[in-house]
Amino acid sequence: MPTGPALLTDRYELTMVAAALADGTADRDCVFEVFARRLPHGRRYGVLAGTGRLLEALPDFRFTDEDLAALREQGLTDSRLLDWLASFRFSGDVDGYAEGELFFPGSPVLTVRAPFAEGVLLETLVLSVLNHDSAIASAAARMVAAACERPCIEMGSRRTHEDAAVAAARAAHLVGFAATSNLEAGHRYGVPTTGTSAHAFTLLHDDEAAAFRAQVAALGVGTTLLVDTYDVDQGIRTAVEVAGPELGAIRLDSGDLPTLAAHARELLDSLGATGTRIIVTSDLDEFAIAGLMAAPVDGYGVGTSLVTGSGAPTAGMVYKLVERDGVPVAKRSEGKNSVGGRKSAVRRHDASGTATAEVVTSEPVLPRDGDRSLLVELVRGGELCAPATPREALAAARAHHERARGAMPAEAFALSRGDCAIETLTA
């Protein structure tokens with residue numbers, strides 16, 4: 001396993017660096033921009049996530065002796081390239097949208113200015129982090145909106161790569177998920193963790209009552225008891241009998257959840273457990289959560305759909321060279337064209353503070369009342385502008401997302417397919 005991010009890249013980055021070193025273009029002053037050409041079909045906005053993780057990794061982007069030995073084993077023996085990599089330290093500047101910001105097609109969410117060789121070397125790491133985390137955050141934000149203030153819990157660790165699970169828990173918390181089941185996310189980022197038991201724990205015991213008694217003895221009556229291993233009605237009755245009417249919650253993990261939740265609420269109330277909450281799980285996504293809006297549900301546990309981006313596992317971001325030695329450059333390929341020149345971006349708002357448009361341009365923007373500049377300084381001369389602990393960075397991103405989200409028009413959060421929440425104006 002690599003100990004740092006240097007080898008988490010594509011070989012063609014090194015091929016380009018080698019060629020640029022050979023022909024003298026490696027030091028050309030370049031500007032790269034990260035943007036998505038489009039949003040997933042029907043989505044009205046995206047959420048930028050992963051910037052904090054990227055900035056965590058940047059100082060450690062170094063090629064150790066072990067890394068260089070691994071490159072030689074793969075046939076990369078150009079001595080000029082290997083010597084350059086051995087002394088590589090990123091010395092450029094990075095600007096970008098604040099983590100947690102909403103983005104739209106063409107939004108320049110990250111801008112890297114550096115000598116060509118340094119800038120191109122970051123491409124794979126940048127896109128790997130931002131595409132994954134932004135996809136998860138964008139899906140999670142839709143789930144939070146559908147939940148209408150009811151808490152969501154991230155519990156998808158068993159449905160994705162072990163490292164992706166930690167990043168997914170972070171991205172979900174950034175946009176409003178209340179907790180995660182992932183312990184490393186709790187340790188590294190301070191995300192609240194939660195978890196009680198699975199069906200295996202009930203099956204371990206001679207009967208359901210014995211399993212419930214053991215769990216209550218360990219965790220107290222405020223715990224959540226899983227009541228659908230056998231018969232839901234009997235499970236609820238047994239849960240209240242064991243824990244008493246002060247039982248914290250029950251969990252439903254199968255069946256027709258709206259119908260079961262309504263019936264469970266009636267049964268709990270009839271047993272005097274009027275304060276016992278109902279938590280539902282079982283392959284939920286934003287549409288299933290919205291379908292439970294009228295049901296007496298108190299919280300949602302979301303797994304597979306969350307960690308796979310709910311049908312959009314990548315944000316579709318690209319990393320493109322837009323300027324070379326102060327001259328705009330652009331790709332003209334049909335369907336994959338880019339716009340040359342370094343961009344600036346502002347979010348435009350009306351008198352009530354509601355966002356109305358995003359202005360993205362390589363020309364100076366004449367400021368208007370209500371405009372908010374979207375680009376912030378992240379790195380200068382290779383040094384982080386505002387170093388923060390992983391927990392501090394996540395807390396700041398969560399707070400920023402809440403502010404940015406609050407300025408969006410109400411139709412932005414509809415789950416039906418539609419156009420982008422606000423118009424993007426270009427010049």
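Mentor: Buried means under 20% relative accessible area, and in this predicted model Thr 202 has a relative accessible area of 1%, so Thr 202 counts as buried.

Trainee: In which helix does Thr 202 lie, and which residues does Thr 202 touch?

Mentor: Thr 202 belongs to helix H9, residues 199-204. Leaving aside residues up to four places away in sequence, Thr 202 touches Glu 208, Ala 211, Phe 212, Thr 229 and Tyr 230.

Trainee: Is Phe 32 buried or exposed, and which residues does Phe 32 touch?

Mentor: Phe 32, which is found in strand E1 (residues 29-36), has a relative accessible area of 4% and is therefore buried. Not counting residues up to four places away in sequence, Phe 32 touches Leu 110, Thr 111, Val 112, Phe 116, Gly 119, Val 120, Tyr 319, Lys 320 and Leu 321. Phe 32 and Val 318, although 286 residues apart in sequence, are 9.9 Å apart in space, C-alpha to C-alpha.

Trainee: How should I read the span of helix H6, and what span is expected?

Mentor: Helix H6, residues 123-147, has 25 residues and reaches 36 Å from its first C-alpha to its last, which is close to the 36 Å expected at 1.5 Å a residue. H6 is mostly covered, with 23 of its 25 residues buried, and H6 is followed by Cys 148, whose phi is positive, near 50°.

Trainee: What does Phe 177 touch?

Mentor: Residues up to four places away in sequence are again not counted, and the contacts of Phe 177 include Ala 140, Met 143 and Val 144, as well as Leu 306 and Arg 398.

Trainee: At what angle do the axes of H7 and H15 cross, and which residues meet?

Mentor: The axes of helix H7 (residues 162-174) and helix H15 (residues 390-406) come within 8 Å and cross at roughly 40°, and H7 and H15 are therefore oblique to each other. Arg 170, His 173 and Leu 174 in H7 meet Ala 393, Leu 394, Ala 397, Arg 398 and His 401 in H15.

Terms used: Residues are numbered from 1 along each chain as its sequence is written. This is a predicted model: local features need pLDDT of at least 70, side-chain atom pairs count only at pLDDT 80 or more; totals for chains, interfaces and linings use all residues. Side-chain values use heavy atoms; hydrogens and water are left out. Helices (H or I, at least four residues) and strands (E, at least two) are DSSP runs, numbered from the N terminus. The expected span of a helix is 1.5 Å times one less than its number of residues. Buried means under 20% relative accessible area, exposed over 50%, partly exposed in between (1.4 Å probe, protein chains only). Contact means heavy atoms within 4.5 Å. Axes are lines fitted to C-alpha atoms, for helices over the stretch in contact, and angles run from 0 to 180 degrees between N-to-C directions. Angles under 35 degrees count as roughly parallel, over 145 as roughly antiparallel, 65 to 115 as roughly perpendicular and the rest as oblique.
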